[in-house]
Amino acid sequence: MRRLLYTVLALMLVLPMAAEDVEITFDKLPEKAQKVVKKAFPDTKIKKVEMERRASLMQYEVKLAGGYKMQFNKEGAFTECECIEEGVIPTILIPSKIREFLDKEFKGWGVKRLEHDGKLFELLLDNGYELSFNSSYRLIDIDKVEE
């Protein structure tokens, strides 16, 4: 029992040290991620690019002028875009079937945040609604975010 306790304590001390954020240049991003950034934000200045490593996770974060933040997995696949300041994310990042739904049901409202984990798409609209879609682009949940 004591040995288990010491092992757990040692892991609690070592694992946080395994986290590492390293600033890199844009050209060090996976090519796939570079293409998405250039397509979605062709004239927007890139402020900072970081490679983030955690115990078993590696991802990239790109911060852009205007308060935009994008995240990509280690292969360069897009996983998140958020507009922290005023404005909305470019519609080019939103899958066409979800865009069609938004045009029909939430016309005139922009997307402040889009997250995609391979199975779910989660969107936060600028009217405060949070929408979740499955991998078939079907709405599975809707919530009003209280501020």
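## Terms and basis

Two strands count as paired if DSSP finds at least two bridges between them, and strands themselves are DSSP runs (E, at least two residues) numbered from the N terminus. The model is predicted, so that local features need pLDDT of at least 70 and side-chain atom pairs count only at pLDDT 80 or more, while totals for chains, interfaces and linings use all residues. Residues are numbered from 1 along each chain as its sequence is written, and side-chain values use heavy atoms, with hydrogens and water left out.

## Strand pairing

Strands β7 and β8 (residues 129-133) run antiparallel and are joined by four bridges, with Leu 123 standing opposite Leu 131. Their hairpin has three residues between the strands, and Gly 128 takes a positive phi near 95 degrees there.

β8 also pairs with β9 (residues 139-144), in the antiparallel sense and over five bridges; the bridge partner of Leu 131 in β9 is Ile 142. In this second hairpin, with five residues between the strands, Tyr 137 takes a positive phi near 65 degrees.

## Burial and surface charge

Leu 123, in strand β7, is buried because its relative accessible area is 0%, where buried means under 20% and exposed over 50% (1.4 Å probe, protein chains only). By contrast, Asp 117 lies in the loop between β6 (111-116) and β7 (121-125) and counts as exposed because its relative accessibility is 56%.
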